[in-house]
Amino acid sequence: MVTSDARLDRTFTALADPTRRAILRRLARGDATVGELARPFRVSRPAVSKHLRVLERAGLVRRTREGRVSRCALNAAALREAAEWVEWYRVFWEGRLDALARYAEGRTASPDGGETGR
Amino acid sequence: MTTTHSLRVSRTIRADAETLFRAWTDPDALRHWWRMNEEGWAFAFASVDLRVGGRYRLAMTDPAGRTHVATGEYRQIDRPTRLVFTWDWENPPDRVGETLVTVELRAAGPGTTELVLTHERFADAARIAGHENGWTQVLTRLDHHVMEENA
């Protein structure tokens, strides 16, 4: 998506991977440790940790340490932000139609002034 | 949570429908307006295969020099009143599944046209805003998209 909001980019990048979506689906049912997350996915703990880091950077998952065990929880707020995608498109299309109007009206209103959409 | 999310924007423009239809479908016209209004953005390229089932690619370059390509397939072409096409971004991290854009052009007076743009099938994004249950559906749908893409 064409956006200056790098965080939203990270959210979508994080969501683009099926293992990470599976992890999120598991966390939607409740918190889990890294070990609990690794078990059903047939991937190593380091691999799960790597996915979790991507999800953490995107703000989709929060990790807390309890002694030697780290627990993971879903952060629904980041997903809500992804929903603002719709709002992003509204702004996007408003901008495009402004540019289109300037171009089309420039053509008809001032034929000798050249095209304004430069 | 089965409703399709959509958004609608409109403009009344002092130009005839044919001029506007051409602006959407002719690369020589698109180059004059297809970019962000902000400083540093530029039109990159446009390719248009204007027939039902034909594809388009519209590209702009951001201030950092990255190219963002929007792409899709024409679904309905009624020159000069209606254009329907699928829409998605081409860069893998940007992709979130196929959506549908409808551009309608209606005469609003002499030499004036009302343009109504509808962008729909945001079911994924709408569900993302939902509760845990909606969440699971979103993720499952995303799985389907990825499987379809890899198929």
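Two strands are taken to pair if DSSP finds at least two bridges between them. On this basis, strands β6 and β7 of chain B form a hairpin with two residues between them. In the turn of that hairpin, B:Gly111 has a positive phi of about 65°. The structure described here is a predicted model.

B:Thr102 stands opposite B:Thr118 in β7(B), and B:Leu100 has B:Glu120 of β7(B) as its bridge partner. Strand β7(B) also pairs with β1(B), again in the antiparallel sense, over eight bridges. B:Thr113, B:Leu115, B:Leu117 and B:His119 make up the covered face, whereas B:Thr112, B:Glu114, B:Val116, B:Thr118 and B:Glu120 belong to the uncovered one.

These strands are part of an open sheet of seven strands in chain B, in which the order is β1-β7-β6-β5-β4-β3-β2 and the pairing is antiparallel. Strands β1(B), residues 6-13, and β2(B) stand at the edges with a single partner strand each, so one side of each has no neighbour in the sheet. From one strand to the next, the twist averages 20°.

Strand β2(B), residues 42-48, and strand β3(B), residues 55-61, are paired in the antiparallel sense over six bridges. Here B:Ala46 stands opposite B:Leu58 in β3(B). Six residues lie between the two strands of this hairpin, and B:Gly53 takes a positive phi near 90°. Strand β3(B) in turn pairs with β4(B), residues 67-78, over seven bridges in the antiparallel sense. The bridge partner of B:Arg57 in β4(B) is B:Thr71. The hairpin of β3(B) and β4(B) has five residues between the strands, and B:Gly65 in the turn shows a positive phi of about 90°.

Chain B as a whole contains four helices and seven strands. Read from the N terminus, its elements follow the order β-α-α-β-β-β-β-β-β-α-α. Helix α1(B), residues 17-25, lies across β1, β2, β5 (82-89), β6 and β7 of chain B. The direction of α1(B) makes about 160° with that of β6(B). Of the 151 residues in chain B, 29% count as buried. Among contacts in chain B with a separation of 6 or more, 36% are between residues 24 or more positions apart.

Chain A contains an open sheet of three strands, ordered β1-β3-β2, with antiparallel pairing. Its edge strands are β1(A), residues 32-33, and β2(A), residues 61-66, each of which pairs on one side only. Strand β1(A) and strand β3(A), residues 69-74, pair over two bridges in the antiparallel sense. In this pairing, A:Ala32 stands opposite A:Cys72 of β3(A). Helix α2(A) packs on the sheet and touches β1, β2 and β3 of chain A, with its direction at about 90° to that of β3(A).

Helix packing in chain A was examined next. The axes of α2(A), residues 18-28, and α4(A), residues 45-57, come within 10 Å and cross at roughly 75°. Angles of 65 to 115 degrees count as roughly perpendicular, and α2(A) and α4(A) are therefore roughly perpendicular to each other. The residues that make the contact are A:Thr19, A:Arg20 and A:Ile23 of α2(A) together with A:His51, A:Val54 and A:Leu55 of α4(A). By class, the contact of α2(A) with α4(A) comprises three nonpolar, two polar and one charged residues.

Helix α4(A) also packs against α3(A), residues 34-41, at an angle of about 110° and with the axes 9 Å apart. Helices α3(A) and α4(A) are therefore roughly perpendicular to each other, and their crossing is right-handed. In the contact, A:Val34, A:Gly35, A:Leu37, A:Ala38 and A:Phe41 of α3(A) meet A:Arg45, A:Val48, A:Ser49 and A:Leu52 of α4(A). The residues in the contact of α3(A) with α4(A) divide by class into six nonpolar, two polar and one charged.

Terms used: Residues numbered from 1 in each chain as written. Chains lettered and ligands numbered in written order. Predicted model: local features only at pLDDT ≥ 70, side-chain atom pairs only at ≥ 80, totals over all residues. Axes fitted to C-alpha atoms, helices over the stretch in contact; angles between N-to-C directions. Contact = placed C-beta atoms within 7 Å. Parallel < 35°, antiparallel > 145°, perpendicular 65-115°, else oblique. Nonpolar A, V, L, I, M, F, W, Y, C, P; charged D, E, K, R; others polar. Left-handed = near helix turned anticlockwise from the far one by under 90°. Buried ≥ 20, exposed ≤ 12 C-beta atoms within 10 Å, placed from the backbone.
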